[in-house]
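This report was prepared to accompany the sequence and the three-dimensional structure shown here. It is intended to be read beside them.

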Amino acid sequence: MLKIGHEVVRPGKYHGDSPVTIQVPEELESVPGIPLTSREVDWYAREYPLETMNITERASRDWANAIRDQHVEMREIRKEHDRLNQPLILAARMTSEQEPTAEPTGEDVTESIKNKARELGYIEVGITAYDHRYTYQSKKDWVQFPNAICLAYEQDFEPTQTIPSIDAEIVHSSTYRTEGAAGLELAKHIQSLGYRAQVHSPNDNTGPYIPMFVAAGLGSLGACGYLLTPHVGSRCRIMIITTDANVTHDSPVDYGIHAFCQVCQVCVNRCPGRALMRDKIWWRGIEKNKLYFKRCRPVMARYLGCGICMKVCPIQKYGMATVMEHYAATGQVLGKGTHDLEGYELEGKGYFGPGEMPVFEREFFSAMPHGDTEEFAFDNFRQRAMDNGGVISDDMLEEFRTEVARGLQQSRDNIGMMQEEDYI
Ligand code: SF4
Ligand code: SF4
């Protein structure tokens, strides 16, 4: 039995459930939250501000969507999601202009907001200061209020265990919509308390939110790049609401996950794209296992959004308290090496159990375009001109003009985030 270093007590899984205690073995203790160097985070935010991959990697996004659209069911799911989700995104964008519907009493409304969030079905809710260092450059002027209410909505267990699958894609999209609608309700509640509330739709992110969720004590950054929450690990979808309400901020927690992931490594071992790094590095002032995007998106595009790193995570499947208890008792990672946790099927390629991995040709990865739409348009234009002996025709110029105009329009709309935006 390992020596327990400290215990973390968290609210129960669902509203009204008893609190849950997570025992963190001493050997897994590090620091509350993500190890970071604030001075470096500041510097990167100032000199190299973040930008959404919807813009910086638009060419590969369009490429991935075109591949997904060849799959009839995937195409229908995406179309249906866009149709149902667009009104939610637009409604969320309007919330920043809405006035409170009552006078504030001046009392701290933290508990009222948290209780309402739990009633609405959010599995985690915490509050911290909105951290502008993580705002995308294209949304610098968006965020109106100083407090960030961090909200996580559980994605159903059963379909998630079938990842990658059509069922998992359906539940992934519908969870975003459900929480998006719940966020609008929560905003109305905050307005009824006398304050303003700006809903950041989960499909219209202002930046990567995981650092704020960790600061609010809602979990840890896993090696997979997702937030690992106490009850359901990465099996949740996250969003924030910013507000000027009179609230109390939460604090980060050391769940032992920063060190545990280095022992576990199941997602790293099972990722079909070999897109997850075994070792941690310092990236933009944060110590983390960096996701290798260029090896992830080609798999997501071709295999139903992939998400195997979510499926095989023991915290997702068994919950943090159970996994830590097992580790403290045995020194082992619960489920590691079993078909139940590690097995997955890739459509057209077959089943892969523990220790078995698919193999892809180099072309599988190299075919993906890079950069934003305009950069990709210029690369194509340049290549066509070279193929044409250096002669630039009117057709080439017209095609280039159309593509650049499309890219500029996309930057203005900047709507409809993909799952990848959950990662940092
Ligand atoms: S989504 Fe798939 S390819 Fe991407 S990191 Fe996760 S397991 Fe790897
Ligand atoms: S699978 Fe293991 S290493 Fe990966 S995020 Fe989950 S706990 Fe961490």
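The model is a predicted one, in which local features need pLDDT of at least 70, side-chain atom pairs count only at pLDDT 80 or more, and totals for chains, interfaces and linings use all residues. Residues are numbered from 1 along each chain as its sequence is written, while chains are lettered from A and ligands numbered from 1 in the order in which they are written. Helices (H or I, at least four residues) and strands (E, at least two) are DSSP runs, numbered from the N terminus.

**The sheet**

Four strands form an open sheet in the order S3-S4-S8-S5, with antiparallel pairing; two strands pair if DSSP finds at least two bridges between them. Its edges are S3 and strand S5 (197–200), each of which pairs on one side only. On average, and with direction ignored, neighbouring strands of this sheet are turned by 20 degrees against each other.

Strand S3 (residues 122–129) is joined to S4 by seven bridges in the antiparallel sense. S4 and strand S8 (residues 236–243) also run antiparallel, joined by eight bridges. Ile 149 of S4 is the bridge partner of Ile 127, and the bridge partner of Ile 149 in S8 is Ile 241. Cys 150 in S4 is the bridge partner of Gly 126.

Strand S4 (residues 147–154) is largely enclosed by the rest of the structure, because eight of its eight residues are buried. A residue is buried if 20 or more other C-beta atoms lie within 10 Å of its own, exposed if 12 or fewer, and partly exposed in between, with C-beta atoms placed from the backbone. Asn 147, Ile 149, Leu 151 and Tyr 153 point one way from S4, whereas Ala 148, Cys 150, Ala 152 and Glu 154 point the other way, and all are buried.

H7 lies across S3, S4, S5 and S8, at about 25 degrees to S8. Helix H7 (residues 166–192) also packs with helix H4 (residues 72–94), at an angle of about 10 degrees and with the axes 10 Å apart. H4 is therefore roughly parallel to H7, a term for angles under 35 degrees. Axes are lines fitted to C-alpha atoms, for helices over the stretch in contact, and angles run from 0 to 180 degrees between N-to-C directions.

Residues of H4, including Ile 77, His 81 and Leu 84, meet residues of H7, among them Ser 173, Tyr 176 and Gly 180. Contact requires C-beta atoms, placed from the backbone, within 7 Å.

**Ligand shells**

Glu 119 belongs to helix H5 (residues 110–119). It counts as partly exposed, with 14 C-beta neighbours inside 10 Å.

Note on methods. Parallel < 35°, antiparallel > 145°, perpendicular 65-115°, else oblique. Contact = placed C-beta atoms within 7 Å.
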